[in-house]
Amino acid sequence: MAERSTAAVDVADNSGDEPLAAQAAQATSDGVDTQNGRAADGPMPDKDGERTNPAPTAAPELHSGHKLARRYRLEECVTRVDGFSSWRAMDEKLRRAVGVHLMPADHARARSVLAAARSSALLGDPRFVQVLDAVEENDLVYVVHEWLPDATELTALLAAGPLEAHEAYQLVTQISQAMAAAHREGLSHLRLTPSAILRTSTGQYRIRGLAVNAALRGITTETPQRADTEAIGALLYAALTQRWPYENDAYGLTGLPKGVGLIAPDQVRAGVHRGLGELAMRALANDGATASRQEPAFTTPDELAKAVAAMPRIRPPEPAFTAPPEYQHTTYQQGTYGRPGHSGVTSVQSMPIAPPPAPLQSRTGKVLKWGVAALLIAALGLGSWQLADTLLDHRKGGSGTSGSNSQTTDSDDAPKTPEPGKPLKIRDVSVLGNSVKPELAHKTIDGKADTAWYTPRYVNYAKFGNLEQDNDGSGIIVDLGTVQDVSEIDIDMHVPGQTAEVRAAAPEASSPGSIPDFTQVITKLERTGHKVQRTLDAPIRTRYLLIHISELPEDGTGGYRGGINEINVLGTQS
């Protein structure tokens, strides 16, 4: 049996009273906290208008080795609770581990689970664990999703102690921004617990179970944004204090004392970052409690994300410097090697050492000193003579050309400082080849840094999956409407590490649609960072620009993904 690891979707809750050490030692799989080898079946307490709908249908009785769609081989059942089961499986077609949720097709929640899985898959945001497939087949409904063997649950991180301020800042920044983007697309989580948060080996936090967790449990609420905002506040509170901000113990964390309400994080644990503690209080705001400064509570993840972005950035701690041990002389260097001391015998170290004579006090030394001094004086004199000769020649040459210089200065031919370019209006954008999400192309010119045109997730091949229709890569074609003088470009890439170039079509070009149509090279094909910026020595006249991406970076899950957030073109309007 393969070793369990964190992956996929959080579908069960841990509200037991086991100590932190025991919780950290237990392996978690598919987001399920295990107790003595089985999932904790206790339901998550309802709050803030959330409702849990019962579903009495029994979970399907399947076994290891069973295949779904002649492709997904079930290997280990990690959860069997509340009418559904969760498995670690093997995708035999792509030879990779996946997670699978199974339930009978007549389950009361089967339709809502399928709808939630398909909606989550359409989001395509790499900050969430991706849904790979959602199928109804042979009286079964199953959802297939990513399996992240190198990721660590937040529950395991908190079992070792509270997070350092910079790490907690990264946690709330990434989670709030991701959930804000999800809510803009009409998706919510409703079970955003520590076991639903994974930290990858690269330091990226990923959320699992978007929409699917709540559907599996039958959880609904009339205020989904408020529920997810409070859940993010609880995660930040736990990260700062290693305590769960409610009276009941949960997720291996001790709850707050009963009957005292919500306590500020800096009153629970000394040394808590004050700014982060206030954000946690404003996000929680349960039963009307707010931060000590009485600022309004956050009601949406977007409000929380903006507040985090507005606070001073928390830098990572400086690495501790350990001074090297003091150098110890060996016995040989101390002069006693092979010379054992005897009583009455004077050792080498005990003998007085005569001080060395003052340097260059002998007759030869004095001669050497005077010789060096004479050479220095001669070199100084020679250098002074050459410098004076050079200055005289320069004055003679300058007096004969002063008139011409003054005439040249007054001439109209003197070089002028070029005026800085102004932003040019972009009339339209389209996708090269029109095969990679053309419906998202307009998001590269909407003026919003948090929206983007991004590619699907490709597996095994960085060059757009080596698909025939995307053999030359993809990118965005920019139409300025008319021929303009382009002097500068400023492009915000979706992720760093993409191999890209910027090209321009000839002024007389009309509707270019392939790479050879763009004959003018603005930037060469190379690996880029977060920004692609270039100021041209001389403006280029063109109407059409191409940001061409030929190769995508790895997204940390074995796949490849890229895209463009925002495009700005500067120049002189003709």
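Predicted model: local features only at pLDDT ≥ 70, side-chain atom pairs only at ≥ 80, totals over all residues.
Local features are reported at pLDDT of at least 70 and side-chain atom pairs only at pLDDT 80 or more, whereas totals for chains, interfaces and linings use all residues. Residues are numbered from 1 along each chain as its sequence is written, and side-chain values use heavy atoms, with hydrogens and water left out.

The protein has 574 residues, of which 47% are buried; buried means under 20% relative accessible area, exposed means over 50%, and partly exposed lies in between (1.4 Å probe, protein chains only). Its secondary structure comprises eleven helices and 25 strands. These elements are DSSP runs numbered from the N terminus, with helices being H or I of at least four residues and strands being E of at least two. The accessible surface is about 30600 Å², and carbon and sulfur atoms contribute 53% of this area. Accessible areas come from the Shrake-Rupley method with a 1.4 Å probe, and for residues only the protein chains shown count as cover. Among contacts (heavy atoms within 4.5 Å) with a separation of 6 or more, 69% involve residues 24 or more positions apart.

Strand 6 (residues 84-91) is largely enclosed by the rest of the structure, because seven of its eight residues are buried. Two strands are taken to pair if DSSP finds at least two bridges between them. Strand 5 (residues 72-81) runs antiparallel to strand 6 and is joined to it by eight bridges, with Y72 having D91 as its bridge partner in strand 6. Strand 6 is also joined to strand 7 (residues 96-104), again antiparallel, by seven bridges; here the bridge partner of R88 is G99 in strand 7.

Both pairings of strand 6 involve hairpins. Two residues separate the strands in the hairpin of strand 5 and strand 6, while four residues lie between strand 6 and strand 7. In the latter turn, R95 has a positive phi of about 55°. Most residues other than glycine have a negative phi. D82, in the loop between strand 5 and strand 6, has a positive phi of about 55° although it is not a glycine. D82 is partly exposed, at 27% relative accessible area. N138 is another non-glycine residue with a positive phi, of about 50°, and is located in the loop between strand 8 (131-137) and strand 9 (140-146). N138 is exposed, at 67% relative accessibility.

An open sheet of three strands has the order 10-11-12 with antiparallel pairing. Its edge strands, each pairing on one side only, are strand 10 (152-153) and strand 12 (205-207). Three bridges join strand 11 (residues 197-199) to strand 12, and I197 has I207 as its bridge partner in strand 12. Helix 4 (residues 165-184) lies across strand 11 and strand 12 and runs at about 35° to strand 12. For this angle, axes are lines fitted to C-alpha atoms, for helices over the stretch in contact, and angles run from 0 to 180 degrees between N-to-C directions.

The structure holds 26 salt bridges, each defined as a side-chain nitrogen of Lys or Arg within 4 Å of a carboxyl oxygen of Asp or Glu. One of them joins R111 and E136, at 3.2 Å from N to O. This pair links distant parts of the chain, with R111 in helix 2 (residues 110-123) and E136 in strand 8, 25 residues apart. E136 is partly exposed, at 41% relative accessibility.

Helix 8 (residues 274-284) contains both R274 and E278, which are four residues apart and therefore separated by about one helical turn. Their closest N and O atoms are 3.4 Å apart in a salt bridge. R274 is exposed, at 59%, whereas E278 is buried, at 14%. A further salt bridge joins R282 and E295, at 2.7 Å from N to O. R282 lies in helix 8 and E295 in the loop between helix 8 and helix 9 (301-310), so this pair ties together parts that are 13 residues apart in sequence. R282 is buried, at 13% relative accessibility, and E295 is partly exposed, at 24%. Salt bridges with shared partners also join K67, R73, E75, E76, R88 and E92 into one network.

L368, V372 and L376 make a nonpolar surface patch of about 290 Å². Patches consist of residues with over 30% relative accessible area and no salt bridge, with like charges joined within 9 Å and nonpolar side chains (Val, Leu, Ile, Met, Phe, Trp, Tyr) within 5 Å. L376 lies in helix 10 (residues 363-399) and is exposed, with a relative accessible area of 58%.
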